[in-house]
Amino acid sequence: MSENLIGYIDDQGNIIDTQSAGENPAATPIEYDNSEAALEIVRHSTAHLMAQAITELYPNSQFFVGPVVDEGFYYDFRVDEQIGENDLKSIEKKMKELIKKKYKIEKYEISKEEALEKFANDDLKQAVLSRIDDERVSIYKQGEFEDLCRGPHVPALRFLHNFKLTRVAGAYLGGDENAEMLTRIYGVAFADKESLKAHLTMLEEAKKRDHRKLGTEMELFMFNEEAGAGLPFWMPKGAKLRYKLEQILHKAHLIREYEPVRGPEILKADLWRTSGHYACYGENMYLTTIDEQEYGIKPMNCLGHIQVFKQTQKSYRDLPLRYYEYGVVHRHEKSGVLHGLLRVREFTQDDAHIFCTPEQIASEVLEVVEFVDSVMKLFGFDYTMEIATKPEKAIGEDEVWEMATQGLKEALEGNNLPYTIDEGGGAFYGPKIDIKITDAIGRKWQCGTIQVDFNLPQRFEVEYVDEDNTRKQPVMIHRAILGSFERFIGILTEHYAGEFPFFLAPVQVIFVPISENHVDYAKSLKKKLLTEGIDSEIYDKNDSLNKRIRTAEKQRVPYVVVIGDEEVQGNSVAIRNRRTREQYNLTQDEFMVELTQQLQEGKI
């Protein structure tokens, strides 16, 4: 057996530890490296190592859950003392001391009844056990520390040298806002020092690019807790940025033969019952009563588009019919997961629904993929696609799901487009393709989605008249490319570190007149730019020239233009190009040509 063997993948695709592999001779070995499967085991094991260190430093600690997440791992626990960021180093030090003791990690199983008795005095363990349906449970032990866990784990602590604890947070027990607040510590772990160092460098860069910090500095958006958590306010510059992004998408939709529509933001609850949202998504909805009838504020736009489609009789000649809407939706997100623009309670989807025949699924999906590709190329994103299949909580028959899932696979496979599978990750009404983008510093983000739905058209009796005069049910393709304007703008802000491309920048030019005598010329240039759809500002406050130039450059605008006697007399401009880091002079006409050419770069 290899010294670097840390686990196996069984014939069902599950990751199992070396102790369980003996029961499955067909299992595939997992070597100690930075593969996804290996890191899942390493990070899960490091979470337990952290818990063991916390137990030794804070003897009365009690632990809830410690899962692996996209960015690493965390553990939720109860502790008598207040733990802050400054305590992370002492916990890391204790973790390293424990590794030197060369503990092996051992797994044993007991009945659930025995586990309930074993942890009778630990209410957090009782809460974990209440979530487990199995008759037997597994426990992982290292030295004196042991905890309930499905695993898998590495065979020994010697595999866990390359880790870093990143932050402390609060977390409600089980995600319930009415429950006790536990302490949560996040961390990362890798198979080698180089990968850990590279990741920590990325985290430092991410701090500098944090869209919440840049959004405040650049006066793009704000939040006000008195008004409500997770509800963004768009300031003038942010509203301009958003408007420009919306306009780019508007033109792209119209070119691709989409029709604009708009539905109400509140609908009777009976419609949400018919759709299945009430049963499958009700906990995320805001409900209210009007005239003794229950209404739901929409979490999605699809029902409105169905009503528009049904308003007039449609024939097969009308299909595919593509509706799009910048639809404002509301979702009841828990306060603990709210995060700037990336997770909010009100947002606007760049939503579209395509009504088509089953035979048109593949071609329509490919059209959307082409649309996605053009948008991602415009902003410099690489992306991958993942097909998400039927979740546990779903509507519709299995054969309908299989037909829809197969349609997505055939569309991608038929055009040699690579994808991965996310088992059970689909929407409750249909399978989907998720678009995952990679930003400038290597982070992955979930953005767009393409969902094939046979269920909602059936539930709402959506029909069209076919060529043989029979009534048939269309397929409904739900589609968003950005995901939401809020989230995408948050991602773009961090991707560009606030230095947006010219066609998107909220302020594209700042004029800095040297003296009051040059202000009128700056105003005439500003007016001229505005007629071309270019936003500019004039910095003519009673500050020194150097201070005004520094202030302008901190706004990360593409162009800072200094105007003095020479520029006024020569009808020219002295340019500081932030993107190319160059300074040069142009005539006014040459400047206009340069700017209008850059505007054209924002086309899809």
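## A tilted ring pair

Phe-503 is buried, with a relative accessible area of 9%. Buried here means under 20% relative accessible area, with exposed over 50% and partly exposed in between (1.4 Å probe, protein chains only). This is a predicted model, in which local features need pLDDT of at least 70 and side-chain atom pairs count only at pLDDT 80 or more, while totals for chains, interfaces and linings use all residues. Residues are numbered from 1 along each chain as its sequence is written, and side-chain values use heavy atoms, leaving out hydrogens and water.

The structure holds 20 aromatic pairs. Rings of Phe, Tyr and Trp (its six-membered ring) pair if their centres lie within 6.5 Å; planes under 30 degrees apart count as stacked, over 60 as edge-to-face and the rest as tilted. Phe-379 and Phe-503 form a tilted pair, 6.3 Å centre to centre with 45 degrees between the planes. The two residues are 124 residues apart and link distant parts of the chain: Phe-379 is in helix H11 (residues 361-379), and Phe-503 is in the loop between helix H14 (485-495) and strand E27 (509-513). Helices (H or I, at least four residues) and strands (E, at least two) are DSSP runs, numbered from the N terminus. Phe-379 is also buried, at a relative accessible area of 1%.

## Other rings

Phe-428 and Tyr-429 form an edge-to-face pair, with 5.0 Å centre to centre and 80 degrees between the planes. Phe-428 counts as buried at 7% relative accessibility, and Tyr-429 counts as buried at 4%. Elsewhere, ring pairs link Tyr-258, Tyr-324, Tyr-326, Phe-371 and Phe-485 into a cluster.

The charged end of Arg-43 sits over the ring of Phe-190, 4.8 Å from its centre. For such a contact, NZ of Lys or CZ of Arg is within 6 Å of the ring centre and within 35 degrees of the ring normal. Arg-273 lies over the face of Tyr-278, 4.3 Å from the ring centre.

## A five-stranded sheet

An open sheet of five strands has the order E28-E27-E29-E30-E31, with mixed pairing. Two strands pair if DSSP finds at least two bridges between them. At the edges are strand E28 (536-538) and strand E31 (582-587), each of which pairs on one side only. E27 and E28 run parallel and are joined by three bridges. Ile-510 stands opposite Glu-537 in E28.
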